[in-house]
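Trainee: Could we go through this model together? I would like to begin with the sheet and then turn to the helices.

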Amino acid sequence: AIKFLVREGAKKFGIPVIMETSDRGMLDVERYDIDKDYPMFHGRINSKIDYSEISSLKTSEEKLPYVAQILDIENLSPAFKASGIEVGKTISTWPQLGADVNLGGALCGYASRKILLNHNISSGRRYVDLDLLIMSESEKSVAGEENASRR
């Protein structure tokens, strides 16, 4: 719910939003300072849904359809998807590894600096997927085949 509240305020006051999601280095930039009409979450969710509606949801099952839309479930890592069905059952919340959180901090810091220095940073979603950057060519081939079979 807080992600909606932040965006509603950012749109009202013309403030950019930068969010990183600790899965595949997913970085979202929403430039409400440039375009107050830019759709929340890049238009991945119904624009009529707001903080008051989202904040009334209590269970993971109620929230999951919205989370799936916002995160673009097709592009999540297999590990993140597997964790999603365990939240509230065998784990209390989404797992985050320290290295992934540190990467997210670095990405947000970098994007923030570029925006503050008036560099041309547009709204959009970007990935800095360390698995794809570091894995061997044979591992990339297998991962590519798995991704193709999911679509």
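Predicted model: local features only at pLDDT ≥ 70, side-chain atom pairs only at ≥ 80, totals over all residues.

Trainee: Understood. How many strands form the sheet, and in which order?

Mentor: The sheet is open and has 3 strands in the order 1-2-3, with antiparallel pairing. Its edge strands, each pairing on one side only, are strand 1 (17-20) and strand 3 (124-127). From one strand to the next, the twist averages 15 degrees.

Trainee: Over how many bridges do strand 2 and strand 3 pair?

Mentor: Strand 2, residues 26-30, pairs with strand 3 over 4 bridges in the antiparallel sense.

Trainee: And which residue in strand 3 does Met26 stand opposite?

Mentor: Met26 stands opposite Tyr127.

Trainee: Now the helices. Where does helix 1 lie?

Mentor: Helix 1, residues 2-13, lies across strand 1 and strand 2. Relative to strand 1, helix 1 runs at about 155 degrees.

Trainee: Which residues of helix 3 are buried?

Mentor: In helix 3, residues 60-71, the buried ones are Tyr66, Ile70 and Leu71. They lie on the same side of helix 3 because they cover an arc of only 125 degrees around the axis.

Trainee: What covers the buried residues of helix 3?

Mentor: The cover includes strand 2 and strand 3, together with helix 1, helix 2 (51-55) and helix 4 (78-84).

Trainee: One last point: which residue follows helix 3?

Mentor: That is Asp72, which has a positive phi, near 60 degrees.

Terms used
Residues numbered from 1 in each chain as written. Heavy atoms only, no water. Pairing = 2+ DSSP bridges. Helix = DSSP H or I, 4+ residues; strand = E, 2+ residues; numbered from the N terminus. Axes fitted to C-alpha atoms, helices over the stretch in contact; angles between N-to-C directions. Contact = heavy atoms within 4.5 Å. Buried < 20%, exposed > 50% of the residue type's maximum accessible area, 1.4 Å probe, protein only. Arc of directions from axis to C-beta.
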